Amino acid sequence: MSNDLIHEVEEHIKQQELEKFWKEYGTFLIAAALIAILSTSVMSLWRGYKHKTNTTQTAVLSKAVADQDTIPESLDKAIPSLKAGPRAIAFITEAGSLAHAGKLQEAAAVYDRATADKTLPDVWHDLAVLMSVRTQYALLDGKENPKAAE
(Lines give C-alpha, C1' and ligand atoms only; values in the text may rest on other atoms or scores of the structure.)
Protein backbone atom coordinates (compact mmCIF):
# COMPACT_ATOMS: atom_id res chain seq x y z
CA MET A 1 0.00 0.00 0.00
CA SER A 2 2.74 2.46 0.82
CA ASN A 3 4.49 1.53 -2.42
CA ASP A 4 1.34 2.35 -4.35
CA LEU A 5 1.09 5.70 -2.59
CA ILE A 6 4.75 6.51 -3.28
CA HIS A 7 4.35 5.44 -6.89
CA GLU A 8 1.23 7.59 -7.27
CA VAL A 9 2.99 10.63 -5.75
CA GLU A 10 6.00 10.12 -8.04
CA GLU A 11 3.71 9.93 -11.09
CA HIS A 12 1.92 13.10 -10.00
CA ILE A 13 5.25 14.93 -9.55
CA LYS A 14 6.45 13.78 -12.98
CA GLN A 15 3.20 14.94 -14.55
CA GLN A 16 3.49 18.34 -12.86
CA GLU A 17 7.09 18.68 -14.05
CA LEU A 18 6.04 17.78 -17.58
CA GLU A 19 3.20 20.31 -17.51
CA LYS A 20 5.59 22.97 -16.16
CA PHE A 21 8.12 22.13 -18.91
CA TRP A 22 5.41 22.28 -21.59
CA LYS A 23 4.09 25.63 -20.32
CA GLU A 24 7.59 27.04 -20.28
CA TYR A 25 8.96 25.62 -23.55
CA GLY A 26 5.94 24.36 -25.50
CA THR A 27 5.65 27.47 -27.65
CA PHE A 28 9.33 27.27 -28.58
CA LEU A 29 9.06 23.59 -29.46
CA ILE A 30 6.05 24.20 -31.70
CA ALA A 31 7.78 27.19 -33.32
CA ALA A 32 10.94 25.13 -33.95
CA ALA A 33 8.92 22.33 -35.53
CA LEU A 34 7.06 24.81 -37.77
CA ILE A 35 10.30 26.50 -38.79
CA ALA A 36 11.83 23.12 -39.67
CA ILE A 37 8.78 22.17 -41.75
CA LEU A 38 8.60 25.55 -43.52
CA SER A 39 12.32 25.70 -44.27
CA THR A 40 12.22 22.17 -45.69
CA SER A 41 9.26 23.15 -47.86
CA VAL A 42 10.97 26.32 -49.11
CA MET A 43 14.18 24.43 -49.91
CA SER A 44 12.21 21.79 -51.79
CA LEU A 45 10.35 24.42 -53.80
CA TRP A 46 13.60 26.26 -54.58
CA ARG A 47 15.29 23.06 -55.77
CA GLY A 48 12.29 22.27 -57.96
CA TYR A 49 12.37 25.76 -59.46
CA LYS A 50 16.13 25.56 -60.12
CA HIS A 51 15.76 22.11 -61.70
CA LYS A 52 12.96 23.33 -63.97
CA THR A 53 14.93 26.44 -64.96
CA ASN A 54 18.11 24.45 -65.64
CA THR A 55 16.19 21.90 -67.68
CA THR A 56 14.57 24.64 -69.76
CA GLN A 57 17.88 26.43 -70.32
CA THR A 58 19.58 23.18 -71.32
CA ALA A 59 16.77 22.41 -73.76
CA VAL A 60 17.22 25.83 -75.39
CA LEU A 61 20.97 25.21 -75.78
CA SER A 62 20.43 21.68 -77.09
CA LYS A 63 17.93 22.88 -79.65
CA ALA A 64 20.28 25.65 -80.78
CA VAL A 65 23.17 23.26 -81.43
CA ALA A 66 21.07 20.50 -82.99
CA ASP A 67 21.83 21.55 -86.56
CA GLN A 68 25.59 21.89 -87.16
CA ASP A 69 25.03 24.23 -90.09
CA THR A 70 23.10 26.85 -88.12
CA ILE A 71 24.81 26.78 -84.72
CA PRO A 72 26.04 30.40 -84.75
CA GLU A 73 22.69 31.81 -85.87
CA SER A 74 20.66 29.63 -83.51
CA LEU A 75 22.86 30.44 -80.52
CA ASP A 76 22.82 34.14 -81.37
CA LYS A 77 19.02 34.07 -81.22
CA ALA A 78 19.01 32.02 -77.99
CA ILE A 79 21.54 34.12 -76.03
CA PRO A 80 19.16 36.90 -74.90
CA SER A 81 16.79 34.38 -73.28
CA LEU A 82 19.48 32.53 -71.32
CA LYS A 83 20.67 33.04 -67.77
CA ALA A 84 24.32 33.84 -67.09
CA GLY A 85 25.82 30.32 -67.03
CA PRO A 86 24.07 28.92 -70.11
CA ARG A 87 24.56 32.27 -71.87
CA ALA A 88 28.32 31.94 -71.33
CA ILE A 89 28.27 28.43 -72.79
CA ALA A 90 26.32 29.76 -75.77
CA PHE A 91 28.82 32.59 -76.36
CA ILE A 92 31.82 30.26 -76.21
CA THR A 93 30.14 27.64 -78.40
CA GLU A 94 29.02 30.20 -80.98
CA ALA A 95 32.47 31.77 -81.19
CA GLY A 96 34.15 28.38 -81.38
CA SER A 97 31.84 27.30 -84.18
CA LEU A 98 32.62 30.47 -86.10
CA ALA A 99 36.37 30.05 -85.54
CA HIS A 100 36.19 26.44 -86.68
CA ALA A 101 34.46 27.62 -89.86
CA GLY A 102 37.33 30.05 -90.47
CA LYS A 103 35.33 33.16 -89.55
CA LEU A 104 37.82 34.55 -87.04
CA GLN A 105 36.59 38.12 -87.34
CA GLU A 106 33.06 37.08 -86.38
CA ALA A 107 34.36 34.78 -83.64
CA ALA A 108 36.36 37.67 -82.17
CA ALA A 109 33.21 39.81 -82.15
CA VAL A 110 31.30 37.12 -80.24
CA TYR A 111 34.15 36.74 -77.73
CA ASP A 112 34.12 40.52 -77.31
CA ARG A 113 30.37 40.44 -76.61
CA ALA A 114 31.01 37.78 -73.99
CA THR A 115 33.77 39.79 -72.34
CA ALA A 116 31.48 42.83 -72.24
CA ASP A 117 28.82 40.81 -70.40
CA LYS A 118 29.77 41.34 -66.75
CA THR A 119 26.98 39.05 -65.51
CA LEU A 120 28.74 35.90 -66.74
CA PRO A 121 30.31 33.67 -64.09
CA ASP A 122 33.95 34.64 -63.54
CA VAL A 123 35.46 31.46 -64.96
CA TRP A 124 33.46 31.81 -68.20
CA HIS A 125 34.18 35.53 -68.44
CA ASP A 126 37.91 34.87 -68.02
CA LEU A 127 37.78 32.14 -70.68
CA ALA A 128 36.07 34.56 -73.05
CA VAL A 129 38.80 37.15 -72.40
CA LEU A 130 41.54 34.61 -73.10
CA MET A 131 39.86 33.32 -76.24
CA SER A 132 39.24 36.87 -77.45
CA VAL A 133 42.92 37.72 -77.03
CA ARG A 134 43.93 34.49 -78.74
CA THR A 135 41.59 35.15 -81.67
CA GLN A 136 42.74 38.77 -81.98
CA TYR A 137 46.34 37.58 -81.96
CA ALA A 138 45.56 35.09 -84.74
CA LEU A 139 43.94 37.89 -86.74
CA LEU A 140 46.95 40.17 -86.25
CA ASP A 141 49.25 37.42 -87.46
CA GLY A 142 47.10 37.23 -90.55
CA LYS A 143 46.24 33.62 -89.88
CA GLU A 144 42.79 33.03 -91.23
CA ASN A 145 43.39 29.37 -90.49
CA PRO A 146 40.47 28.00 -88.44
CA LYS A 147 42.84 25.95 -86.30
CA ALA A 148 44.74 29.09 -85.22
CA ALA A 149 41.99 30.18 -82.85
CA GLU A 150 40.95 26.76 -81.58
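Predicted model: local features only at pLDDT ≥ 70, side-chain atom pairs only at ≥ 80, totals over all residues.
**Exercise 1.** Classify arginine 113 by its relative accessible area, then find its salt-bridge partner.

*Solution.* Step 1: arginine 113 has a relative accessible area of 35%, so it is partly exposed. The classes are buried, under 20%; exposed, over 50%; and partly exposed in between (1.4 Å probe, protein chains only).

Residues are numbered from 1 along each chain as its sequence is written, and side-chain values use heavy atoms, leaving out hydrogens and water.

Step 1: the partner is aspartate 76, with the closest N and O atoms 3.0 Å apart. A salt bridge here is a side-chain nitrogen of Lys or Arg within 4 Å of a carboxyl oxygen of Asp or Glu.

Step 2: Arginine 113 sits in helix H4 and aspartate 76 in helix H2, 37 residues apart. Helices are DSSP runs (H or I, at least four residues), numbered from the N terminus. Aspartate 76 is also partly exposed, at 35%.

**Exercise 2.** Describe the salt bridge of arginine 87.

*Solution.* Step 1: arginine 87 pairs with aspartate 117; the closest N and O atoms are 2.6 Å apart. Step 2: arginine 87 belongs to helix H3, aspartate 117 to the loop between H4 and H5, 30 residues apart. Step 3: check burial. Arginine 87 has 12%, so it is buried. Aspartate 117 has 15%, so it is buried. Step 4: the count of salt bridges comes to two.

**Exercise 3.** Which side of H2 do its buried residues take?

*Solution.* Step 1: list them: Ile71, Pro72, Leu75 and Ala78. Step 2: they span an arc of only 130° around the axis, so they lie on the same side of H2. The arc uses directions from the helix axis to the C-beta atoms. Step 3: their cover includes H1 and H3.

**Exercise 4.** Characterise the largest nonpolar core.

*Solution.* Step 1: this core has 25 residues. A nonpolar core is a set of buried Ala, Val, Leu, Ile, Met, Phe, Trp, Tyr and Cys residues joined through side-chain atoms within 4.5 Å. Step 2: Leu75, Ala90, Phe91, Ala107 and Tyr111 have the most contacts inside it. Step 3: H1, H2, H3, H4 and H5 each supply at least two residues. H3 gives the most, seven. Step 4: beyond neighbours within four places in sequence, alanine 107 contacts (heavy atoms within 4.5 Å) Ala95, Leu98, Ala99 and Thr135.
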